[in-house]
Amino acid sequence: MLDHSELLVVGECVADIVRQPDREDRVHPGGSPANVAYGLARLGHRATLLTQLGPDPNGRLIRDHLDSAGVTVRTDGRTAPTPSAAVTLDAAGQATYAFDVGWTLGPVAVEPAPGHVHTGSIGAVAEPGAATVLEIVRAARTTATVSYDPNVRPALMGERGAAVRRVEECVGLSDLVKASDEDLAWLYPGEEPEKAAARWLEHGPAVVLVTRGGAGALALLPGGPVAVRAAPVEVVDTVGAGDAFMSGTLHALAAHGLIGAGARDRLRAVGRDAVTDVLRHAVASAAVTVSRAGANPPDAKELREALARN
């Protein structure tokens with residue numbers, strides 16, 4: 001069922017310091033790429049995370065968390081403080097972020113050759129490390145399919161025009177792109193998210209996915225859009241929801257034999273039924289995550305149960 005080729009995720013780890021009214025602060029392991037790697041490992045995949053982790057308590061917390069799921073953690077060997085984010089939750093569980101993040105990933109050999117590479121978020125835009133990330137992605141395309149999630153954090157994106165150029169460069173290197181409607185609204189103010197996503201489709205990806213919170217998710221294909229509804233769920237918080245959506249997406253793509261450079265042509269010709277199944281897995285994975293605190297994605301059994309309920 002699973003494609004056990006190496007899945008490489010490149011990007012940051014972040015200690016999420018979660019703050020809610022009338023509660024003590026809680027520290028959760030986080031960072032969008034780290035969450036995706038963790039989610040993939042929980043679903044039974046061989047996942048490697050190439051990242052930076054400090055020797056501080058937050059770094060040890062995150063490493064132990066990733067180890068617990070079986071993620072292989074690799075670094076460039078440099079010592080850097082573990083990034084952190086203050087995550088403030090409102091009464092509805094919606095999260096806002098304030099970051100203390102540095103990203104200086106240096107050159108590193110990528111071995112064994114991965115079957116799929118996922119990147120995004122801070123690691124794909126924050127220099128000087130972002131240049132290394134793009135080098136890795138370009139080199140990996142001979143053996144791997146590539147996915148990308150901009151996971152826009154306005155406080156860290158810099159000037160909008162430069163950020164859009166970098167995001168579009170990453171889109172052009174990718175086979176599959178996922179973005180939220182909020183990401184697209186920040187990148188292209190005043191433009192309908194679906195229209196912006198359709199334009200991305202013309203720049204190279206086989207599929208562009210758009211998450212729309214309670215309105216479900218949408219896949220843009222050359223033959224037209226495919227939509228699924230959101231799974232009904234009582235939301236505890238939204239931390240890690242998009243990352244669980246991403247790991248659920250890659251899990252389903254692997255099950256359909258649609259990752260790896262040899263699958264690139266099949267992905268470009270993917271049918272609507274397969275894409276609908278991928279979206280159902282992704283939405284169910286996100287629903288499990290928002291039903292409990294922090295970035296806590298499902299394992300394979302929990303995902304099967306969530307699919308059965310919906």
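This is a predicted model: local features need pLDDT of at least 70, side-chain atom pairs count only at pLDDT 80 or more; totals for chains, interfaces and linings use all residues.
Figure 1. Leaving aside neighbours within four places in sequence, Leu303 is in contact with Leu43, His251, His281, Ala284, Ser285 and Pro298. Between Leu303 and Val290 there are 13 Å in space, C-alpha to C-alpha, and the two are 13 residues apart in sequence.

**Figure 2. The largest nonpolar core and the contacts of Leu49.** The largest nonpolar core contains 46 residues, and those touching the most other members are Leu49, Leu66, Val71, Val207, Phe245, Leu253 and Leu279. Helix α10 (residues 272-290) provides the largest share of this core, namely 8 residues. In soluble globular proteins, nonpolar side chains tend to be buried together.

**Figure 3. His65 in helix α2.** Helix α2 covers residues 57-69 and includes His65. With a relative accessibility of 18%, His65 counts as buried, because the limit for this class is under 20%. When residues up to four places away in sequence are not counted, His65 touches Pro29 and Tyr38.

Figure 4. Strand β9 (residues 145-149) is largely enclosed by the rest of the structure, because 5 of its 5 residues are buried. Both faces of the strand are covered: Thr145, Ser147 and Asp149 are buried on one side, as are Val146 and Tyr148 on the other. Strand β8 (residues 116-120) pairs with β9 in the parallel sense over 5 bridges, and His116 stands opposite Thr145 of β9. Together with helix α3 (residues 129-140), β8 and β9 form a right-handed β-α-β unit. The pairing of β9 with strand β10 (residues 176-180) is also parallel and has 2 bridges. Here Val177 in β10 is the bridge partner of Tyr148.

**Figure 5. The largest pocket and its lining.** The volume of the largest pocket is about 1,100 Å³. Its lining comprises 46 residues, of which Ser180, Glu182, Thr238, Ala241 and Gly242 are the closest to the pocket centre. At least two lining residues are supplied by each of β2 (14-19), α1 (32-42), β7 (95-100), β10, α6 (181-187), α8 (241-255) and α10.

**Figure 6. The largest cavity and the residues around it.** Rolling a probe the size of a water molecule over the atoms shows where empty space is left. In this model there are 3 cavities of 30 Å³ or more, and the largest cavity holds about 70 Å³ of space. Leu176, Val207, Leu209, Leu253, Leu258, Leu267, Val270, Ala274, Val275 and Val278 line the largest cavity. Two or more of the lining residues are given by each of β11 (207-211) and α10. The largest share of this lining, 3 residues, comes from α10.

Key
Residues are numbered from 1 along each chain as its sequence is written. Side-chain values use heavy atoms; hydrogens and water are left out. A nonpolar core is a set of buried Ala, Val, Leu, Ile, Met, Phe, Trp, Tyr and Cys residues joined through side-chain atoms within 4.5 Å. Buried means under 20% relative accessible area, exposed over 50%, partly exposed in between (1.4 Å probe, protein chains only). Helices (H or I, at least four residues) and strands (E, at least two) are DSSP runs, numbered from the N terminus. Contact means heavy atoms within 4.5 Å. Two strands pair if DSSP finds at least two bridges between them. A crossover is right-handed if, with the strands pointing away from the viewer, the path from the first strand over the helix to the second runs clockwise. On a 1 Å grid over the protein atoms alone, a cavity is a set of points where a 1.4 Å probe fits but cannot get out, and a pocket is an open set with protein on both sides within 12 Å along at least five of seven lines; lining residues have an atom within 4 Å of a point. Grid points are joined across faces, edges and corners, and a volume is the space filled by probe spheres set on the points.
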